[in-house]
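Reader: I have a two-chain structure open and would like to go through it. Can we start with the core and move on from there?

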Amino acid sequence: MSAAVIPDMGIVETTVHAVNPWVALAYLVAGICFIFALRGLSNPESSRKGNRFGMAGMAIAVVTTLVTHEIAGIVEILIAIAIGGTIGLVTARRIAMTAMPQLVAAFHSLVGLAAVLVGVAAFLNPEAFGILGGDGNILAVSRIEMALGAAIGAITFSGSVIAFLKLNGSMSGAPILLPARHVINLAVLGGIIVLTALFAMSGAGGPGESPLFWILVALAFAIGFLLIIPIGGADMPVVVSMLNSYSGWAAAAMGFTLHNTAMIVTGALVGSSGAILSYIMCKAMNRSFISVIAGGFGAVAGPEGGAVKIDRPWKAGSAEDAAFLMKQAESVIIVPGYGMAVAQAQHALREMADKLKEHGVSVKYAIHPVAGRMPGHMNVLLAEANVPYDEVFELEDINSEFAQADIAFVIGANDVTNPAAKTDKTSPIYGMPVLDVDKAKTVLFLKRSMGGAGYAGVENELFFRDNTMMLLADAKKMVDGIVKALD
Amino acid sequence: MIGAAFFVGAALASLDRAGGICHRPSQGPARATALLGRTIKQRGAVVDFISILSIFVLACFVGYYVVWSVTPALHTPLMAVTNAISSVIIVGALIASAAAAVPGAKWLGLAAVVLASINIFGGFAVTERMLAMYKKKERPVKPAAPEAGK
C-alpha cells in the first residue's frame, strides 16, 4: 500500500523546498502527537494523556520552526506568544461550562483569522515561505493553495463570529432570511472559485501584486457571514461542527503552501473530525447537511413565544408532587436538554439524583446527540456537576430502558422527546431519532411554560398524555424545590 | 491499526520528500536541471505536490478512523482540542514574523501569532479543565465485592 502511493521522487531536490530531513521528521512527530491527542479521547481515562500529547506536539512544532528559521526579532515573537497565551489561559480558566459553545465558536474565528493573516503575509512576502518561483512570481500551485487557505480562513472567521453572536445571545437565534439568498450565496461561491482560478493563471503573480487576491478574500468574508445568518439556533450544533471542520481545512491549505507535514496532518484530522461531527448531528436530527446549510429551519413556526393558545387539558404538578412520585419509584431516567444549561440547573440536578439514590432509587441520565448547542454539551455540564460518566448514557444505549423505567424526568429538553417524530408523517421532525420517554410509566416534564414550542416549532403531544405531569417553572428553582421536598 | 498502516505510507512519503531515501542517482538534481531547465522544475513541483497530497489524503483516513472511535461523551472536549491543534497554523505565522524583509508581512505574522497563541493556550487549557471533570462512579469501600450488572 505504502509503496503504491509514493510517486517517483527522483528529482524532488529541484524544487524550492529544500528541507532538512530532521526538520521534516520533527514536524511529522508533531503530527503523530496530534493523532494520539484525538485517539486518547476514545475514553475519559486516556483522554488526559491524549491532551498532553497534543501539547507536546504543539511545542515540537513551534520550537522546530523557531530553531530552523532565521529570526529577525525573537523578542517580538515571544511577546506575541505571551500576550496570546495569557489571554487564552485566563479565558480558559474563567469561562463557565455553559458558555462552552460560544467559546468554541470564538476560538474557531481566531483560527480562521490567523489563517487569513498568514495567507496575506505569504502573499506579501512569498520568499520567506519559499514559494517564489524562478521568474519572480509566486508558484502557480502555491497561489491556489494560498488563495484557498485564506478564503477558507475568511469563511471560518466571519461564520464563526455570527455563530458566536447567536450562541452568546448577542444576536437573535432566529434565522435571518434574505430574499434570493441561495442565488446570492451560489454566485459568491462561484465568484471565489473563478477568482482563485484567475489568480492562479494570472501573469502578474509577483508578491502583493494581484488585486484578485484581495477581492477573493473580501468575498470569502462575505460568504461566511451570508452562510450562517439564515441558520437557526437549533441547528447550531451542526454549524459549530462545520466551522470546526473548516478551520481544519484552512490549516491544511496553509500546510500545503508551506509543505509542512504537521499542518497538513493536523488540518486533515481536524477537518475530518468536524465533518464527522456534523454528520452525526445531522443524522440525529434526520436532516440532510444541505438542508441545514440552506437554513431557515424553525422560521415558519407559527406564533412564537407565549402566544400559543392551548385548549387541551394537561396535568400540572408541584415540586412536592414530583418528589413524592420519584421517591416511590424504583428507577428514574433523567433527560437533560438546553433548558438545563440555560437555567444552570446541573448542580441542583445532581443533588436531586443523590437524594434519590439515598432513597434507593436507581438514577440514570439519557443524552440525545443534539441536546444542547454543541456535540457533547450535556455530558460536559453533567461532568461539571460531578455526575459520574458511567451513569450517563447515549440514546441508542438507553432507549430500550425507558419501557422499564418508572419515571422519565425531562428537564429543559423538548423536541428530542417528541413522539410525533415516530408517528406523525406530517411533522417537520418526522424520522428524527427520539428518546422514548413516552414509554416510561410516568413522565415528569420540566419546562418554563406551556407556551413556546420547541426550536423546531412543533407542539409536543407528550404534554397532554395521561401519564405526563408538567412541572412549569424555571428548571433550577423547580429542582431545588424537589430537593427540599425529598428531605 | 489501519490508521497506523496508512501513516507509515505518509511517513515514507515525507522522508522521501526530504531526500532521505530512494533516489535514482542517475538523475541527480544538478544534471537534470542543466538538461531540462524549468520544465524539470515544474515537474519537480508537481511531484512534490503529489507527495504532500498523499500525506494529506492518508491523514484524512487516519482522522476518519480516529474520530469515529471518540466516545460521544467527549465530543465537546474533542472540539476544544481540535481547535487547539488546528492552531498549528502558528508555524506559518512564525515564519511570517521571523522574516524582516517585508514589514507588512511581519506585522501580520505577529498578529497571527497572538491569535494562534490564544487558541493554543486557551484550547488546551479548557480541554484539560473539561477532561478533569469526567469522573467515574465512586465505588463503595470494598473493592472485592463485584457490582451487580456492571
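Author: A term to begin with: a nonpolar core is a set of buried Ala, Val, Leu, Ile, Met, Phe, Trp, Tyr and Cys residues joined through side-chain atoms within 4.5 Å. Keep in mind that this is a predicted model.

Reader: Fine. Which residues touch the most other members of the largest nonpolar core?

Author: They are A:Met326, A:Leu349, A:Met352, A:Phe409, A:Ile411 and A:Ile482, in a core of 197 residues. Helix α5 of chain A, residues 100-124, gives the largest share of this core, with 15 residues.

Reader: Take A:Met326. What is it in contact with, leaving aside neighbours within four places in sequence?

Author: A:Met326 is in contact with A:Val332, A:Met352, A:Leu356, A:Val361, A:Ile407, A:Phe409, A:Leu444 and A:Ile482. Among these, A:Met352, A:Phe409 and A:Ile482 are also on the list of core residues that touch the most other members.

Reader: What is the phi of A:Asn386 like, positive or negative?

Author: Positive, near 65°; A:Asn386 follows α15(A).

Reader: On to charges. How many salt bridges are there over all chains?

Author: The count is 15. Side chains of opposite charge can pair when their charged atoms come close. A:Asp354 is one place to look: the closest N and O atoms in its salt bridge with A:Arg350 are 2.9 Å apart. A:Asp354 also forms a salt bridge with A:Lys357, at 4.0 Å.

Reader: Where do A:Asp354 and A:Arg350 lie?

Author: Both are in helix α14 of chain A, residues 346-358, and they are 4 residues apart, about one turn of the helix. A:Asp354 and A:Lys357 are 3 residues apart in helix α14, so about one helical turn separates them too.

Reader: Is that group buried or partly exposed?

Author: Partly exposed. A:Asp354 has a relative accessibility of 28%, A:Arg350 has 24%, and A:Lys357 has 32%.

Reader: What about A:Lys364, which residue does its side chain meet in a salt bridge?

Author: A:Glu401, at 2.7 Å from N to O. This pair links distant parts of the chain, 37 residues apart: A:Lys364 is in strand β2 (residues 362-367), and A:Glu401 is in the loop between α16 (395-398) and β4 (407-411). A:Lys364 is partly exposed at 25%, and A:Glu401 is partly exposed at 25%. Elsewhere, salt bridges that share partners join A:Lys422, A:Asp436, A:Asp438, A:Lys439 and A:Arg465 into one network.

Reader: Switching to chain B. How many helices and strands?

Author: Chain B has 6 helices and 0 strands. Chain B has 150 residues, and 53% of them count as buried. Of its contacts with a separation of 6 or more, 65% are between residues 24 or more positions apart.

Reader: Where is B:Ser87?

Author: B:Ser87 is in the loop between α4 (75-86) and α5 (90-98) of chain B. Its relative accessible area is 1%, so B:Ser87 counts as buried, the cut-off being under 20%. Outside four places in sequence, B:Ser87 is in contact with A:Met58, A:Val111, B:Ala116, B:Asn119 and B:Ile120.

Reader: How many salt bridges between chain A and chain B?

Author: There are 2. One of them joins the side chains of B:Lys106 and A:Glu76, at 3.0 Å from N to O.

Technical notes: Residues numbered from 1 in each chain as written. Chains lettered and ligands numbered in written order. Predicted model: local features only at pLDDT ≥ 70, side-chain atom pairs only at ≥ 80, totals over all residues. Heavy atoms only, no water. Buried < 20%, exposed > 50% of the residue type's maximum accessible area, 1.4 Å probe, protein only. Helix = DSSP H or I, 4+ residues; strand = E, 2+ residues; numbered from the N terminus. Contact = heavy atoms within 4.5 Å.
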